[in-house]
Amino acid sequence: MQQALFEEVKNQLNITWLDEATDRKINSIIARAIGVLNGYAGQVLDINVDENINGDAQLLIDCCRYIYNDCFEDFEKNYHSQLFALRARCQIEEMSGGSV
């Protein structure tokens, strides 16, 4: 897993302490969120976090926040338009054979 993504998720969740159990939980949450977004996209997303957080990375971080706060059931409702746009973009990319 990308270290920058891990650190950004911890930062967004205001986790400032060092703890192996917390780190394992965050890694598990990130893996679950990646699976969720890949499912909505219908493909494996290339999510990178560097100095610029792209839309897919931000959506992943937001999904992690919902999972961490035990309110994942609200994620789809609150991010419906972003998830719909993600799926549409991925379908267009698939049909055109490249990125849009």
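Asn14 sits in the loop between H1 and H2. Helices (H or I, at least four residues) are DSSP runs, numbered from the N terminus. The model is predicted: local features need pLDDT of at least 70, side-chain atom pairs count only at pLDDT 80 or more, and totals for chains, interfaces and linings use all residues. Residues are numbered from 1 along each chain as its sequence is written, and side-chain values use heavy atoms, with hydrogens and water left out.

- Most residues other than glycine have a negative phi.
- Asn14 is not a glycine, yet its phi is positive, at about 60°.
- Asn14 follows H1.
- Asn14 counts as exposed, at 59% relative accessibility. Exposed means over 50% relative accessible area, buried under 20%, and partly exposed in between (1.4 Å probe, protein chains only).
- Asp70 is found in the loop between H3 and helix H4 (75-78).
- Asp70 also is a residue other than glycine with a positive phi, near 55°.
- Asp70 counts as exposed, at 67% relative accessibility.

**How H1 meets H2**

- The axes of helix H1 (residues 3-12) and helix H2 (residues 20-41) come within 10 Å and cross at roughly 105°. That makes H1 roughly perpendicular to H2.
- Axes are lines fitted to C-alpha atoms, for helices over the stretch in contact, and angles run from 0 to 180 degrees between N-to-C directions. Roughly perpendicular covers 65 to 115 degrees; under 35 is roughly parallel, over 145 roughly antiparallel, and the rest oblique.
- From H1, the residues Leu5, Phe6, Val9 and Lys10 meet Asp23, Ile26, Asn27, Ile30 and Ile34 of H2.
- By class, this contact of H1 with H2 has six nonpolar, one polar and two charged residues. Here Ala, Val, Leu, Ile, Met, Phe, Trp, Tyr, Cys and Pro count as nonpolar, Asp, Glu, Lys and Arg as charged, and the others, Gly among them, as polar.
- Leu5, Phe6, Glu8, Val9 and Lys10 are buried in H1.
- The buried residues of H1 pack against H2 and H3.

**The nonpolar core**

- The largest nonpolar core has 28 residues. Such a core is a set of buried Ala, Val, Leu, Ile, Met, Phe, Trp, Tyr and Cys residues joined through side-chain atoms within 4.5 Å.
- Val9, Ile26, Leu37 and Phe75 have the most contacts inside this core.
- H1, H2, helix H3 (55-68) and helix H5 (80-96) are the elements that give two or more residues to the core.
- H3 provides the largest share, eight residues.
- Leaving aside neighbours within four places in sequence, Val9 is in contact (heavy atoms within 4.5 Å) with Ile26, Ile30, Ile61 and Cys64.

**A buried charged residue**

- Asp56 is found in helix H3.
- Asp56 is buried, with a relative accessible area of 13%.
- Not counting residues up to four places away in sequence, Asp56 touches Leu37, Leu45, Ile47, Leu86 and Arg89.

**Cysteines**

- The whole structure has zero disulfides. A disulfide is a pair of cysteine sulfur atoms within 2.5 Å.
- For Cys71, the closest cysteine sulfur is in Cys63, 10 Å away, too far for a bond.
- Cys71 counts as partly exposed, at 21% relative accessibility.
- For Cys90, the closest cysteine sulfur is also in Cys63, 15 Å away, too far for a bond.
- Cys90 is buried, with a relative accessible area of 1%.
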